[in-house]
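Thank you all for coming.

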Amino acid sequence: MIFSYNYLQSFFKEPLPKPEKIAEILTMHSFENEYIEKRENDYILSVDVLPDRAGDCFSHTGIARELSVLLNRKIIYPKVKIKETLKDKLPIKIENSSDCLRYTASIIKNVKIEESPKWIKEKLEICGINSINNIVDVTNYIMLETGQPMHAFDYDKIVGGITVRRAKKGEKILLLKEKEQLLDENILVIADDEGPLAIAGIKGGKKAEITKETKNIILESANFNSKLISQTARKLNIRTDASIRFEQNIDPNLTINAIERTLSLISLPSSSKIDLYPKKLKPWKVKVSIKDINDTLGIIVSEKEIIGILTRLGFVVNKNMTIEVPTRRQDITIPENITEEIGRIYGYDKIPLTLPSFSKPAQINYDIFWQNKAKDTMKELQYSEVFGYSFIGDQEKEEFNLSVREIINPTSSYYKYLRPTTIPQLINFTKENLKYFNKVKIFELGKVFGKEERIVLSGAVSNSDYLGVKSDILALFNSLGINKVSFTKEEIKIGKDIIGKVGIKSGITFFEFDFEKIQKNAIDNREYKHVSYHPIATRDISGLVDDDLEIEKIISKIEKIDLVKSVEVFDVFKGKNVPSGKKSISLRVNLQSKERTLDGQTIDRIINKIKETINWEERK
Amino acid sequence: MDIENIKKEALEKIENIKDKNDLDLFRRDYLGKRGKIRDLFSLVKDLSIEEKKTLGQKINQLAQEIEEIFLLKEKGFKKEKKEEIDLTLPVKMTELGNLHPITQVRREMERIFQLMGFSIVEGPEIENEWYNFDALNIPEGHPARDALSLGKTFYLKGGNVLRTQTSSAQVRYMKKIKPPIKIIVPGRVYRYETTDASHETNFFQLEGLFIDENVSVANLKAVLKKFLEEFFKREVEIRLRPSYFPFTEPSFEVDMVCTVCNGKGCSSCKKTGWVEILGSGMVHPNVIKNGGLDPKKYKGFAFGLSIDRPTMMKYKINDIRLFHSGNLNFLKQF
């Protein structure tokens, strides 16, 4: 919101500090100053009034009031001088008092519509409002001053009286400078006996517009239900200087003050004020405790100082620290609101830094522990970590035949589903990166969304060397302390549970694991195995085994035999010279004892045992 | 055989030795278990004590001399075997794997808060509207609810939303853990945004929450300053400015002195000397109530820190979209 430095100055007798100083004081105690700009003999201050204070601070009076508290200076309110001598009247009706809290109006006769004086035009221009004519400009000027939006109607164009009511479905209004607007029963209007004159709190209509020919006017200073105005403004997508103020909780007691100031500036005789105010808003009470305020802030501010600050803010401090809140401060309802007022006015910079006393040590989060361990291992295996969006589009959905959860309001059709897998993205990333790299190895540990939200560890490698990927997977599981892992043709299992899969698409090998299943089986404590210094005896054997005996099983069976250190399968083939139902395999067996060097006899005995175990046949 | 002859013969032999194998043979012949020196000693044992003494000394001396020339020769061989190398030849750098810069920064943040006794917890990314809004004192009809829910929130078919802030985990953990509650919640959050160099729909936050019987703004200031100093590895000045969040009261915006210009004012701090670093405040009593705790007994502070922005500050990254680009030319720099 834009404020004029000179305008603010007009509330004080003594000169204000420089604009930069004002900006700093406001930033540290009230609202952030965005920028300062010099304009001829004035300065623009752009101030981000906080949403909870818009009700009282979308006005120069509001900011001046803040400054008077912060600089501890007396504020001088502009004078009011009115002559309510006209006898004219207009019937006004509020249909529902929860839609319109107050409606104040006044009739002025024999106005001359002309250009505004220069000083008003300048103030409006600085604050970003176009000058229209002397009457409309005064209402806008008073809005900038008090925060109360006003409206002027051509009195002679109103048929019958004014009713504040909900629009009827299908009713229309021709707005100022705009096209026709269709209305419905969720929209509040100001209407005469014929139809709507204005959309309440948002915009006036053409019918009773002030024109050069206007002679008599009626001024409106009203208070509407803020939620209703906010909903309407959003629905119609119309934001005006009036609507942004009415969307906040403006003090309904302000209407009289604003209309009187307007009449003072127009300085023509007016009618008695017509004032409909069904439920007068009175100050309310909040009880606070000095100790609570100080405990929360972590500082000691004396009772006297606290009372001083509250009094300057316009609160009435009664016995036992029961605070009477002025009706303009509708943001203050609980003791914590008062604590904030004390804190910000006293100055957050004066609050010391006190580290909390030690309570208890942080607890290890094992989810994070295992995620970190897995990520580190992937890095050691030369994979680079990538993040994909949680969103995918139709292309991924169709190409990978995925069932997906849909987002109601996606930012684009490329991002309209939640990803149930990260594989499509990893494959895309791999393809993209192949434009710049000879080899790509990437992984992601992230959330995917099926029926449930779950975490997966997945990766992609830019070739079809799936056995190389298998080696990586083995290293990963070893690092996570999992040794019960087994493989089917395309899947990875722990025990009977399928925990992941491997595949090849467009020459890219990918894999994806359910990380929760991995974590469930991961073990952090290892037991030292005796390190043997005795030599390893290596024997290669080739021969036939039953075709349906899986290589995995052969290895695990052999590795269980005493003194076998490890087994590698270095050749498997079927076909020529191999009888059906059989396959030829070549194994390298490493044997080692912890206690002694193995002699030939022992080695032969073990090799025979291996052959028996796997139902071995010599090749013919 | 006499001692002098053995010595002469040994010296001649070793002079002619050309390779390591011959040298090993020499060692075996003279200094080994069945070598010539040993033979000499075995001859001595039948002599008289007097002779034993003089001859013994001589043999010892011979042994010493031969060992010395052997070691000298051996050393010479080792020297000769030095490999020729040339480090000026060009090579390709060894490929390492990389962790995402967000992962690295997130870990650093977690480490620092853990040192201050904050435990790490995580919350779901698909949230129900109650935890995402209502529990945080943003009821239906609240202007902040409209601002968040109508403009910034992704809604899912069949109900629920993608969490708009990690704060949605606050009330979940208040219900789960007894005070003192001292947690951080790092994770991915979602906002409906038109993406550009500084706006993303998927980004990362770290929420902090400390609830106990006596928690103050002074504690908040100290914890945040300590964190920022550890994180930026330098002295840091911070300031609290008034702000507004529905879930905290009082609420603050926390600024730190601009690390680029040290507060003098530059383009990265818009000439103010300060950089907005996080939002924070004292937990609103309604939020404490929603967590099933008594706001008369318990107070607390909460803060929400972006992970993306400090990462961008740290590495001077100018486009937030790079984080989800999967581009290895970017990711391999960290």
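This is a predicted model: local features need pLDDT of at least 70, side-chain atom pairs count only at pLDDT 80 or more; totals for chains, interfaces and linings use all residues.

I begin with Val223(B), which is buried because 25 other C-beta atoms lie within 10 Å; by the convention used here, a residue is buried if 20 or more other C-beta atoms lie within 10 Å of its own, exposed if 12 or fewer, and partly exposed in between, with the C-beta atoms placed from the backbone. Residues are numbered from 1 along each chain as its sequence is written, while chains are lettered from A and ligands numbered from 1 in the order in which they are written.

Val223(B) is found in helix α9 of chain B, and here helices (H or I, at least four residues) and strands (E, at least two) are DSSP runs, numbered from the N terminus. Leaving aside residues up to four places away in sequence, Val223(B) touches Leu355(A), Pro356(A) and Met116(B), where two residues are in contact if their C-beta atoms, placed from the backbone, lie within 7 Å. Val223(B) and Leu62(B), by comparison, are 161 residues apart in sequence and 77 Å apart in space, C-alpha to C-alpha.

Now to the contact between the chains. It takes 63 residues from chain B and 68 residues from chain A. On the side of chain B that touches chain A, the elements that give two or more residues are α5 (101-115), β1 (119-120), α7 (143-151), β5 (202-212), α9 (217-232), β6 (238-245), β7 (248-257) and α12 (328-331) of chain B. Which of these gives the largest share? The answer is α9(B), with eight residues. The residues on this side of chain B divide into 31 nonpolar, 17 polar and 15 charged, counting Ala, Val, Leu, Ile, Met, Phe, Trp, Tyr, Cys and Pro as nonpolar, Asp, Glu, Lys and Arg as charged, and the others, Gly among them, as polar.

In helix α10 (residues 290-297) of chain A, the buried residues are Ile293(A), Thr296(A) and Leu297(A). Seen down the axis of α10(A), these buried residues fall within an arc of 95 degrees, so they line one face of the helix, the arc being that of the directions from the helix axis to the C-beta atoms. The buried residues of α10(A) pack against α11 (303-312) and α12 (335-346) of chain A, together with α9, β8 (274-283) and β9 (299-306) of chain B. After α10(A) comes Gly298(A), whose phi is positive, near 80 degrees.

In α11(A), Ile306(A), Ile309(A) and Leu310(A) are buried. They cover an arc of only 95 degrees around the axis, which puts them on the same side of α11(A), while Lys304(A) and Thr311(A) are exposed on the other side of α11(A). The buried residues of α11(A) pack against α10, β16 (316-318), β17 (322-325) and α12 of chain A. Just after α11(A), Gly314(A) takes a positive phi of about 95 degrees.

I close with some backbone details. A cis peptide bond, with omega about 0 degrees, joins Pro179(B) and Pro180(B), and Pro180(B) is found in the loop between α8 (169-176) and β4 (181-190) of chain B. The peptide bond from Glu249(B) to Pro250(B) is also cis, with omega near -5 degrees, and Pro250(B) lies in strand β7 of chain B.

Asn137(B), a residue other than glycine, has a positive phi near 65 degrees and lies in the loop between α6 (129-132) and α7 of chain B. Is Asn137(B) buried or exposed? With 23 C-beta neighbours inside 10 Å, Asn137(B) counts as buried. Asn110(A), for its part, has a positive phi near 60 degrees, and with 10 C-beta neighbours inside 10 Å, Asn110(A) counts as exposed.
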